[in-house]
Amino acid sequence: MRSGAALSLGLAVLALVAPGCRRPSGPAAAGSDSGRGGVLRLAVQTDIQSLDPAIAYDTFSWPLVRLVYQSLLDYDEGTTLVPGLAERLPSISADGRAYTFRLRRGVRFSNGRELVARDFVYSIERVLDPQTRSPGEGFFRNTRGARAFQEARQKDGDLARERGVTRERWTSPTRVVGLQEIDRYTLRVELEAPDLTFLNIMAMPFASAVPREAVAAYGDQLYCHPVGTGPFTLKEWRRGTRMRFRRNARYYVRGQPRLDGVAVMVGGDSVVHQMMFERGELDLEWEIPLPDFVRIMGDPKWKPLVDSELIARTAYLALNCELKPFTDVRVRRAMNYAINKERVLQIINGRGVVARGVLPPTMPGYDPHLRTYSYDPARAKQLLAEAGYRGGFAVPLWVRADTGQEVRIAEAIQQDLAEVGIKADLKTVAFATLIDAMGRRKNVQLGLFGWSQDYPDPSNFLDVLLRGDRIVEVNCNNAAFYSNPQVDDLLRRAARDTDAKRRLGIYQQVEQTVVDDAPWVFLLHPLHFTLHQPWLRDHRLHPVWSERYEGLWLDRSDAAWRRRP
Amino acid sequence: MTRQIALRLGWGALTLLGTSVIVFLLVHVVPADPVRTYAGPQADKETLDRLRHELRLDDPLWMQYGRFVGRALRGDLGQSLITRQPVIEALRTRFPATLAVSLGGLAIWVLAGIPIGVVTARYRDTPFDRTVLVLSMVSISLPTFWLGRILQFELAYRGGHFPVAGLVSWRHLILPSVTLGIVGVGYYARLVHSNMIEVLTQDYIRAARARGLPEALVLFKHALPNALIPVITVLGRDAAALLGGVVFTETVFALPGVGSLAVQAVLSMDVPMIVGTTLFAAAMVVAANVIVDVLYPLIDPRIKTGRQ
């Protein structure tokens, strides 16, 4: 997922509140279903990428995409999977390769048509089809026949270009054999190899139901003409200006959504959004800007309206295990002992928790008993001496320049490293440059990096970031170029294992080995702070989705409501 | 005259072509991968390769440029890599905000700058003139983003007299226009001032005064039109620069204009949008130059193009 800071934003807008039903006066109990109505005003810094669930892939698009589109599975208040558009959790075949989903009956798209199993066959094929250009296609590659299907579609694309005609499905296979419609309401998905994370994947927005007729009608303009089964529909999207959503009258959950609509102002930086919020022009601010943080937290008026939630993200220093001096495990461990993570946290006003290992604390399989490194500069010096670096060494430290926070963290690290004789020169670059540089083999020795979960499963960190047999020359996600055959072997085993508990045990074993091998300096997991107005009720942050708007409502009997501009 | 215009337009087209080559090359030497921008930081290599092929970014650069020019000639500047919005459509929907705030700023330059310039020229070297001179220098030196933020903070956030940011009603245009107006008005006041001083020494002004004409008539009817000729040239080119995107003002006040579009495009490495917004700004400047060149002989009969 795209990092929050990259497109950091605040939320909320200037829409008029529709004259909905009147509430009896007096404070409403949280969760009371008499409280409904109103338009939620949010603000984002730039236009979101897309409302097409096959395309959108960042922290800011997803909450808005999920206003309109839904998947077969969802999460409860935590990270436990629950049925979404499916009637219940799917049945899984004994070999762990086939999943059978029963759909809820009577769910309708906002165009009025009923949702059927074929819609999911179509939607997942659409994500896999290279013509859709979905950045999420990789998640479905394990579906049986997916690769053959993709190669055929790519061949079609090349043929169409050569002949100068519109692309069609000429080359076989024209279907993904693993995606089957058993009957009108039953979907069966077969995988190449067993993989329990497939359930998490089926909860991602990429796996949303998209009606074929809408794609046929709007083509690649579907992104601004969304047709889904979700609680809202898009009413207006003036690019670069505002988005307005209104309640979907056909939404299948009774009494939801409680809001009449959502209005999103597009544009302005976090400072502008903070000013607008304090003037009452926004109902919810997604991220309190760093310069205002201490003031807000010290203000009795605002402090009770702050919500915080741990982001399932790990910030780390990648130590390139293929480049000196980090080829030596003693140097890598010394780096871990040398850095005072508590102080790094203070530098960013305590907006996070110290990382003990790879996995964020919200992750299933998080191990609170992991053996890790404490701040011990003397031990660091000793290890450096053992490794033959008694006088220390100099190394460039790559860091992204566009968020002040990362540079501040890097400066704190720089000071700590200087204490043990390591001279780190900050090399500040644009985020896009940093990603490119760190993904190249034997290029960057040391860089400040991070990873956010795509879905709550340890494989999304350990498999993606630390598998040696997945190292590639460019665009490599294993930025430490860490390779331990024992770890690779365990990860392959865990991926195939269909016993959830045993599987998590293997991941814990892997994480301990990784921590011992120290390809990273495990730094911190950031906290996300939002601020809402006193009249916004039932606001809760979610560990996977951050924001879920369908249950929110505006309490017009709140004393502060009358002071709104 | 027709030949003149044709020649100017030809040069204009050549300028745009040159601009497009430079911009195209510049965005491709930046060490960042547009496909990565599109796919996000967590996509794997296989996804990136597939998308690169699909977006035809694996073709050689000259081929990509050729395709770009071919399409541009048919009025298609491509699609945003990030949002897939056609670049032309983005420019069209963003232009009105830029136009509105530019007109607001220009109005302040003209309506305040010209009278100030005339009056200070008349009362030259008096304490009044000196005071205005200092204020003009301050106005010229003020950074737009700083002044914008200060006005926003004091008048909108603390005072509550205006909306903080965004564009919903005409009231949202007041602070941005005033910001733009203030940073330009000093320059125009000085420009008019110095031109007026030159004109006021001319014989025909002395003659007008000798005939006993009221001073206001001398200043505004006889002197000002001649003093304005060079001002119009500068104003035309400044207007063109504004219409290409009022970058700082739009950014501070979250106006959905061409300038903020360009900033977002650069920040997100949206190559087609970067090329499109840059070309648009260049086209504005080229157009303004053509218009000013063509109008000049009409305003000032002393200038004859071509034959003399």
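This is a predicted model: local features need pLDDT of at least 70, side-chain atom pairs count only at pLDDT 80 or more; totals for chains, interfaces and linings use all residues.
**Chain B as a whole**

Along its principal axes, the C-alpha trace of chain B extends over about 85 × 60 × 30 Å. Of its 308 residues, 42% count as buried. Consider next the contacts in chain B between residues at least 6 apart in sequence: 73% of them join residues at least 24 apart.

**The two domains of chain B**

Colour residues 2-73 of chain B in one colour and residues 91-305 in another. The former range is domain 1 and the latter is domain 2, according to the domain assignment. The centres of these two domains, taken over C-alpha atoms, are 33 Å apart. Where they touch, domain 1 of chain B contributes 15 residues and domain 2 of chain B contributes 15 residues.

Now select residues 2-29 and 34-39 of chain B, which are α1 and α2. These are the elements that give two or more residues to the side of domain 1 that touches domain 2. Which helix provides the largest share of that side? It is α1(B), with 12 residues. By class, this side of domain 1 of chain B comprises 8 nonpolar, 6 polar and 1 charged residues.

**Where chain B meets chain A**

Show both chains together. Here 41 residues of chain B are in contact with 42 residues of chain A. On the chain B side, highlight α2, α3 (45-54), α5 (87-122) and α12 (258-267), the elements that each give two or more residues to this contact. Of these, α3(B) gives the most, namely 8 residues. The side of chain B that touches chain A holds 20 nonpolar, 12 polar and 9 charged residues.

**The domains of chain A**

Turn to chain A and colour it by domain.

**A hairpin in chain A**

Select residues 179-183 and 186-190 of chain A, which are strands β6 and β7. They pair in the antiparallel sense over 4 bridges. Between β6(A) and β7(A) lie 2 residues, and the two strands form a hairpin. To see one facing pair, display A:Gln180, which stands opposite A:Arg188 in β7(A).

**A four-stranded sheet in chain A**

In general, the strands of a sheet pair through backbone hydrogen bonds, either parallel or antiparallel. Select β1, β10, β9 and β8 of chain A. In that order, these 4 strands form an open sheet with mixed pairing. Which strands lie at the edges? They are β1 (39-44) and β8 (232-238) of chain A, each of which pairs on one side only. From one strand to the next, the twist averages 15°.

Within this sheet, focus on β8(A) and β9 (242-247) of chain A, which pair in the antiparallel sense over 6 bridges. A:Trp237 stands opposite A:Met243 in β9(A). The two strands also form a hairpin with 3 residues between them, and A:Gly240 in the turn has a positive phi of about 75°.

**The largest nonpolar core**

In soluble globular proteins, nonpolar side chains tend to be buried together. The largest nonpolar core of this model has 232 residues. Display A:Val262, A:Val264, A:Leu317 and A:Leu319, which have the most contacts inside it. Then select residues 174-200 of chain B: this is helix α8, which gives the most to this core, with 13 residues.

Finish at A:Leu317. Leaving aside its neighbours within four places in sequence, A:Leu317 is in contact with A:Met335, A:Ile413, A:Leu446, A:Leu448, A:Trp520, A:Val521 and A:Leu523.

Definitions and conventions:
Residues are numbered from 1 along each chain as its sequence is written. Chains are lettered from A and ligands numbered from 1 in the order in which they are written. Domain bounds come from an automatic or database domain assignment. Two residues are in contact if their C-beta atoms, placed from the backbone, lie within 7 Å. Ala, Val, Leu, Ile, Met, Phe, Trp, Tyr, Cys and Pro count as nonpolar, Asp, Glu, Lys and Arg as charged, and the others, Gly among them, as polar. Two strands pair if DSSP finds at least two bridges between them. Axes are lines fitted to C-alpha atoms, for helices over the stretch in contact, and angles run from 0 to 180 degrees between N-to-C directions. A nonpolar core is a set of buried Ala, Val, Leu, Ile, Met, Phe, Trp, Tyr and Cys residues joined through C-beta atoms within 7 Å. A residue is buried if 20 or more other C-beta atoms lie within 10 Å of its own, exposed if 12 or fewer, and partly exposed in between; C-beta atoms are placed from the backbone.
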